[in-house]
Amino acid sequence: MPRANLTLTIPESVWIGEVSRAHPEATFRILAALADDDAGVGLAEVTSQNLSSILSEINASDSIVELDILRQHGDEALIQFETTMPLLLFPVQDSGVPLEMPFTIEEGEANWEITAPQRRLSELGNQFEQFGIPFTVNEIHQHIEPTQLLTDSQLELVRTAIEQGYYDTPRRCSLTDLAAESDVAKSTCSETLHRAEEKIMKRFVEDLSEATSTERT
């Protein structure tokens, strides 16, 4: 499934964009967020040397309904806020893309990691445009768990081969050594390893082709 890294430029009308631009040294780490048609609630860590000023500016924002400081120590505060302008959440809701937490906001830009089918990623891009949220796609790649690609026996053998130095140059482990270490016949070891390598190489070429195609478009 495709995994994308995005940078969103938060519009000036959104309070967190305004505050983070006014305090470029600050980091806003969004831990949780929930929104409906009228409002949104968020949990965030704010880190800055000008923490008191930032909290005052957040509280004074017209779009902030309520601000609770749950913890404050030194340059860091844990806050919960309710806002009438949860603009960043609307595109993910309407596109059906789950938003991964936490994510950071600095100097008016949010960095997102998104894992979703290609059609939903495309719809997310359409939603960003509809809501007037500029964005940049930094990277798209296929996110695949090893257990989805290889069987348990194949995965275990590949791991053992790497640990024993079978793929090192020069090799520190022969096929015979690897078979003995894995307690399987040499022929079984060879066939299992070959099938695993075939799957890995084919998937690598597929991902490379998809990445090249994405760059061209």
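1. Is tryptophan 112 buried or exposed? Tryptophan 112 counts as buried because its relative accessibility is 0% (buried means under 20% relative accessible area, exposed over 50%, partly exposed in between, with a 1.4 Å probe and protein chains only).

2. This is a predicted model, in which local features need pLDDT of at least 70, side-chain atom pairs count only at pLDDT 80 or more, and totals for chains, interfaces and linings use all residues. Residues are numbered from 1 along each chain as its sequence is written, and side-chain values use heavy atoms, with hydrogens and water left out.

3. Strand E2 (residues 27–35) runs antiparallel to strand E3 (residues 40–47), with 8 bridges between them. Strands (E, at least two residues) are DSSP runs numbered from the N terminus, and two of them pair if DSSP finds at least two bridges between them. A hairpin of 4 residues connects E2 to E3, and arginine 29 has glutamate 45 in E3 as its bridge partner.

4. E3 is also joined by 8 bridges to strand E5 (residues 76–83), again antiparallel. Here alanine 44 lies opposite isoleucine 79 in E5.

5. Rings of Phe, Tyr and Trp (its six-membered ring) pair if their centres lie within 6.5 Å; planes under 30 degrees apart count as stacked, over 60 as edge-to-face and the rest as tilted. The count is 6 aromatic pairs. One of them, phenylalanine 103 with tryptophan 112, is edge-to-face at 5.7 Å centre to centre and 70° between the planes. Phenylalanine 103 is buried, at 6% relative accessibility. Phe103, Trp112, Phe128 and Phe135 make up one aromatic cluster.
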